[in-house]
Structures are given as C-alpha cells and as structure tokens.
Amino acid sequence: MSAILEIKNLNKHFGGIHVANNINMSIKKGEMSAIIGPNGAGKTTLFNLITGFIPSDDGKVFFEGQDITNTRPETIVKLGIIRAFQVASVFLEETVYDNIYLASLAHFNKSAKIFADRMIFKDVHEHTEFILKKLGLFDCKDLKASELSHGDMKALDIAIALTLQPKILLLDEPTAGMAPEERFKMMHLIKELHDYFKLTLVFIEHDMDIVFSIAQTIRVLVQGQLIAEGNPDYIRQHEGVIEAYLGKEVF
Amino acid sequence: MRKIKDYLPWIIYFIFFIGLLIINPGPHYIHLAARIIIYGLYAVAFNLIYGTTGLVSFGHALFYGIGAYVTGMLVKASTPELFYLYILIGAFGAAFISFFIGLLTLRLTGIYFTMLTLAFAQLVWGLTFKLYHFTGGDDGIQAIAKPTLLAGGVTKYYLFSFVVVTISIYILWRIKRSPFGSVLSGIRQNPQRITFLGLNVYKNQLKAFIISAFFAGIAGGLYAGLDGSIHPDMLHWPTSGNAILMATIGGMSTFFGPVVGAGILTGLEEIVGKYTEYWSFYIGIVVLIVVLLFPNGVLGIKKFTGSKNIEEKEKEVVCNTGN
C-alpha cells in the first residue's frame, strides 16, 4: 500500500506551547487508523493543520504526492480530504435531507447556480438518498437536524462528510458524549463505511475498546509529539505509551 | 400541495397591489402604496444579506442612496426620457461600490462588520453634504422630471414601480430558492461547515452583498422618480436602520416578511403621523410590541404553530438504527 497522506516535520506553536512537535507520519491508502492521546495532546490541532484550518509554523503536508501545506481549507476539501467534527457540525435549521442535499450540491459543483430551483437536480437527489440510506438516516430525513438525538447528529455530521466522497476521511471523536450502546453502533457504522467505500480513515478516539477493536494502525500523540506508531498489539505493549497514557491498570 | 403553498404569498401580493388599483382609493393612497412597494424591494434586497446570509449590514442606505442620487443627477444633467436607463445605471453604480465595500468589510464578522458598514455609509452621507455644487448638499436635488410616459398622475408611476419591483423581487425569490441561496442560508447557520464542504464563505458573502446592493439601488432610483426629489436623508443611518426594522418586523426568516414590514412601518408613519408629530414615539411602541410578541416577525408566526407533533417525536427512535 502506498502513502496517501504524508506529514513531514510538522510544527505548530500556540504561544509557548508546542502543540505539534516535529510530527512525521505516513498514512497508507485504505488504512483504518486511530490517533489517541491524552487531552491537549494536539490531536484536533493535527486535523486542523492537515485540513488547512490553521497554518503551520514549519514542515510540510503532502497529499497524493502534492504539497498542500498552508493551502486554503476549501481547496483541500476539493482534493478529497474531508473531516467531521468533535461537536457535530450540521445545519441545525434544515431537515436531515436538506443537510445532505446541500452537501451533495457542493459535491456535484452545483452550489454556484444562482437562478435554478435547487430541487431540480436528479443526480443530487439520488446521491442524497443513497447517503441517507447508507448511514441509516433515511427514516428521519424530514426531521430538523436540531431535533435529532446526539448520536444521530454525529451520524449526520459524518454523512455530510461522506457525501463529498472523501479520499481520506478524518473523524474527530466520532463517539464523544455518547451512551455505550450508541458508541457500539457508531463503531460498527464506521467499520462498515470503511469497508464499503474503501476509505482511508483516520479517527481520533478516547474509547480504547473501539480503538483496539477496529484500528489497523494506532498513533499515539503526547504533548504534541508522536511517541508511538504501530498495530494494536505493538501499541498495547509499548512501554512509553503505557507510561504516558494508557496506564497499567487498563490491561 | 407544496406548489400551491409556495406560490400563496405571490397570489396575496398580486391581489393586494393590483386590487388597490381597482379599488382606486385616490392619489394619496396610491402614492402611499408606491412608497410601500419601493421600500418593500429595498427591504427584501437587504434581507438577502440579513435574514438569509446572517450579516447585519448597517450601511444599506448607502446603496439605496447611490441608486437615488445617480438616477436623479443623471436626469438633471440630461433628459428625463432616459430615466429607465438611469435607474439601471444607478443600480450598477451601487453594485460597483458594494464590491469594494464588501471586499473590505466582509473580512470582519459580527459587530465589527456592522460598524464598518455604518462608517462607510456615514462617510458618503457626509460627502453629499460637503459637495454642495455637485449633490445639492443639504437641499438635495428637487424637481427631477419624469419621462413623458410616466408623467401626469401617480397611478402610472405606481404601475411602473409595481412592474419593476415585481420583476426584482421575483429574481431575488429565485435566488433564495437556488443552490446559491441554500449556500447563503448555510453560511448563516454554520460557516465552518460551508468551508469544509469546499465552498468559499467570503466569496459567496460578497456575491450576496453585491446582489443585495444592486436591488437596493433600484429601489433608490425608483424613489427618486416617485417624489421627483432626493435628499441626503436617504443616505443617513436611519434609512439603514429602517431596512433592519422592516425585515425584523415582517419576519427576516421569510421571503415576503420584509414587504409586510415595509407596509407596517410606512402605514404606521402615515396613520400616526396624521394625529401627532411624535409619530416615531408610537412607532417605537409598536415595534417593541411586535418584537416582544413575535420574535420571528409577523410572517414568522406560523413557524410556532404546526411544528413537531407527537408522531414526529416518535420517529427519532426509528432513526437511530445506524443501519
């Protein structure tokens, strides 16, 4: 498998805090990988740096061999790096259907059309329905996003990201704030989507059960530094990781 | 079903403004209706930025005023027969200026954007005062003649305004229902998400700002012809404030709300103005009542009724399947 995303010597400071400390990583195509680490380790910041949401101080990011360091977020999205958010980022006043429909319009490059009725595009409707069915949201397509349960809202956020047909999907704590039962469902959903769409998927997660059961590769960030990288078995026994993060009692 | 519901406001709009011609309540009220319909366009144009995109511009009087001044001054400088063309030039002038103002102000958000738009509008308002020989200063410009076709009686001009406003409003209505309109609404609700759909928030806001200014300019040009006079008050901040008031009172989340708001505000000014010179005091009270009782505006009331029944609530559970 070849690398789809490559990060080289990436650095970012927030004032005196070194939130990304010389990070190097190479994410393989089709891989399902997790980023773990204690609060404030710089996990979300890393996503923000990759997606161009904040500029880096130093270092490079390559996507499919192309240098995307400090490119505008919209441009990076167009290349196929799509993210979902820790706090579900949806359009609260719109229905579930319209949320996905708007994303579909963007995906089919129809969002700049200024006089056409937005509802006339057959391909956009088809794509919207396909995504909603795939994510199990079709039954509540007419509900307003604000009326959804927490878990469904997270699913909708991921659905919006998937609508854009990502080459690489970044999920920021997909199960944050969910009840154990909901987490389990979300985990299966992610696994299924990864297999179905042949996605390259990177997710940040605090639930170690989920991480160790579905991730092929795990990367551990502590205080802005990548301290370990490898398959679940390797990480489980990595002394530095146990000391810094997992704690002995977990296993 | 959906179709009829979508077009119902249009039907009411036509019945009201055409019906008025049939009833023919006399030139005074036709003139009032003309004012309402012109302000209506101004408010609907403004609402593209305000209610749809979620930007509180406090400087829209500038674009309204540019439309009025360009039209008025061109008529004065040449012939009234080209009045129609001059309205269009005024609107393009407003759009042209809005491009540069938008370029600068849209970099800011929230109150900073609002204050900067106010500053630009006040700057031009100040200029019209100073440039006396050019703009007529405090006196404005009087006796702007109408083209022959529209001269004599206010009814002809009302009909002309009605046609221009209806076409303009129809275009704005199409824009609101277009993919672009959805993007603007998305920007209001969640600009971050729009960015991560691969769309440029700033560029889309700028487009909306220019379109809004263009139609505000048309409204200004129409008003210049209605009374045949223009004055710096059209550029002053209360004119900007009126746009916000009209949209808010009528319902900024609805398309026709601003027209209703224009009707209420203009109608009140007319009625209360007959009895007391402190009419603005009474309008203040009415505005207060409307804002307290109908926080979504008069046309926004329906949003409270008929939402969420028990069946819908139960659906939530169905949704949570995760496939």
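Reply: Let's start with how chain A is divided: the domain assignment gives domain 1 (1–80 + 166–251) and domain 2 (89–165), with bounds that come from an automatic or database domain assignment. Keep in mind that this is a predicted model, where local features need pLDDT of at least 70, side-chain atom pairs count only at pLDDT 80 or more, and totals for chains, interfaces and linings use all residues. Residues are numbered from 1 along each chain as its sequence is written, while chains are lettered from A and ligands numbered from 1 in the order in which they are written.

The C-alpha centres of the two domains of chain A lie 26 Å apart. Where they meet, 11 residues of domain 1 are in contact with nine residues of domain 2 (contact: C-beta atoms, placed from the backbone, within 7 Å). On the domain 1 side, β7 (168–172) and α6 (180–197) of chain A each supply at least two residues, and α6(A) gives the most, with four. Helices here are DSSP runs of H or I, at least four residues, and strands are runs of E, at least two, numbered from the N terminus. That side of domain 1 divides into nine nonpolar, one polar and one charged residue; Ala, Val, Leu, Ile, Met, Phe, Trp, Tyr, Cys and Pro count as nonpolar, Asp, Glu, Lys and Arg as charged, and the others, Gly among them, as polar.

Now the core you asked about. The largest nonpolar core has 169 residues, a core being a set of buried Ala, Val, Leu, Ile, Met, Phe, Trp, Tyr and Cys residues joined through C-beta atoms within 7 Å. Buried means 20 or more other C-beta atoms within 10 Å of the residue's own, with C-beta atoms placed from the backbone. The residues with the most contacts inside this core are A:Ala159, B:Ile38, B:Leu41, B:Tyr42 and B:Ala219. Helix α2 (residues 27–52) of chain B provides the largest share, 17 residues. Both domain 1 and domain 2 of chain A give residues to the core, so it lies between them.

Zooming in on B:Leu41, and leaving out residues up to four places away in sequence, this residue touches B:Val165, B:Ser168, B:Ile169, B:Phe215, B:Ile218 and B:Ala219.

As for the rest of chain B, there are 14 helices and zero strands. Of its 323 residues, 46% count as buried. Among chain B contacts between residues at least 6 apart in sequence, 77% join residues at least 24 apart. The C-alpha atoms of chain B fill a box of roughly 70 × 45 × 35 Å along the principal axes.

Terms used. Two residues are in contact if their C-beta atoms, placed from the backbone, lie within 7 Å. A residue is buried if 20 or more other C-beta atoms lie within 10 Å of its own, exposed if 12 or fewer, and partly exposed in between; C-beta atoms are placed from the backbone.
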